[in-house]
Each structure stands twice: as C-alpha cells, then as structure tokens.
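Here's a quick briefing to read with the sequence and the model side by side.

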Amino acid sequence: YERNFDGVLDVGVFRYTNNESTLFSNIIELPEPIDIIDGITEMSRSEVQRIYWEGIPVGSNEVVTIVILKDSFSHFLSVNDRNATFVELKKGELDENFLGQASITIERRIDVDADEASEAGGSLSSVWRSEEYAILITE
C-alpha cells in the first residue's frame, strides 16, 4: 500500500486487518526534511561531483538518494552510511544522454520492520522528497 501527502506529517500510522480479522497497527516516523543546497545549477560529467544537502546527516535505517532525470533517462545516486552528508557522482558516471538541461531531486527514506505483522512479516517505509530543480549537465 502507498499513500502520498502534500503536507508535512510527524508520524504515519498503518492499520491492517487480515482475513482472520486480526488487527495490526504500526507507526513509522517520517524522515527529517532534506533539500538540494541552493546554488547547484550545473554539473560536469567529466569531474567528480560531491552533492551536499540541507538537512541532517543520514541516520539509522535511512538512505538518501539523488535522482537525475533527462527525457526518458534516469540516474540514481544513494548513500546509506550513517552520518554521511553528501552523495558522490563519479567522473564519467553519467553518460552523454544526460548532457544538457536535466532535473534533479533528493529524497530521504526510512525503512523499518513492522512491529505488528502476520507470520509473513512486513515492513514500512516513509519518504521526504524535495521539489524538482533544473540542472545543466555539461561535458
């Protein structure tokens, strides 16, 4: 199941009743806000790029992901090292399909096991996603 909210919530609650009428109730914290640092308007694919964010470092059970989109192409850069403060794009990691005007977003995701679940188990995820920004990818 997935639900998207336009506003900001402190926690998410998921309640599920199985076929045997057993109720499972789980609560998940929502990630701390995260955003691209102001001023990133251009990236070179021929240089190493460290992309820092506004917000706290990566916490436990978290992953921070940068998404670069250009036409039908997408590239994902993720870090889940506790206390990380940047994501690194390696030299040449983006191919020539990304050259020109593209878009970039950043998200922070929390993944936890469900406290209450059937024998099959379960997990919960919550995501804070920034708005989409224009970025110029150069050689």
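Predicted model: local features only at pLDDT ≥ 70, side-chain atom pairs only at ≥ 80, totals over all residues.

Numbering runs from 1 along each chain as its sequence is written, and side-chain values use heavy atoms, with hydrogens and water left out.

**Overall build**

- The protein has eleven strands and zero helices; both are DSSP runs numbered from the N terminus, with helices being H or I of at least four residues and strands being E of at least two.
- Reading along the sequence, you get β-β-β-β-β-β-β-β-β-β-β.
- The protein is more spread out than a compact globule, because its radius of gyration is 18 Å, well over the 14 Å that the globule rule gives for 139 residues. That radius is taken over C-alpha atoms, and the rule is 2.2 Å times the number of residues to the power 0.38.
- Along its principal axes, the C-alpha trace spans about 60 × 30 × 25 Å.

**Surface, contacts and charge**

- Of the 139 residues, 33% are buried (buried means under 20% relative accessible area, exposed over 50%, partly exposed in between, with a 1.4 Å probe and protein chains only).
- The accessible surface comes to about 9000 Å², and carbon and sulfur atoms hold 45% of that; these areas come from the Shrake-Rupley method with a 1.4 Å probe, and for residues only the protein chains shown count as cover.
- Among contacts (heavy atoms within 4.5 Å) with a separation of 6 or more, 63% are between residues 24 or more positions apart.
- There are 11 positive and 27 negative charges, and their mean positions are 4 Å apart. Lys and Arg count as positive and Asp and Glu as negative, while His and the chain ends are not counted; each charge is placed at NZ of Lys, CZ of Arg, CG of Asp or CD of Glu.

**Arg108, a buried arginine**

- Arg108 sits in strand E9, residues 100-113, and counts as buried because its relative accessibility is 0%.
- Its side chain makes a polar contact with the side chain of Glu62 at 3.0 Å (a pair of N or O atoms within 3.5 Å; within protein, one must be able to donate a hydrogen and the other to accept it, and residues adjacent in sequence count only if both atoms are side-chain atoms).
- A polar atom of the Arg108 side chain also lies 3.1 Å from the backbone oxygen of Glu32.

**Two other buried residues**

- Val58 is in the loop between E5 and E6 and is buried, with a relative accessible area of 1%.
- Leaving out residues up to four places away in sequence, Val58 touches several residues, including Trp53, Val79, Asn80 and Arg108.
- Val58 and Asn80 are 22 residues apart in sequence, with their C-alpha atoms 6.5 Å apart.
- Ile28 lies in strand E2, residues 23-29, and is buried at 9% relative accessibility.
- Beyond neighbours within four places in sequence, Ile28 has contacts with residues including Val11, Ile110, Val112 and Leu124.

**Positive phi in the loops**

- Most residues other than glycine have a negative phi.
- Asn61 has a positive phi of about 60°; Asn61 is in the loop between E5 and E6 and is partly exposed at 49%.
- Asp71 has a positive phi of about 55°; Asp71 is in the loop between E6 and E7 and is exposed at 71%.
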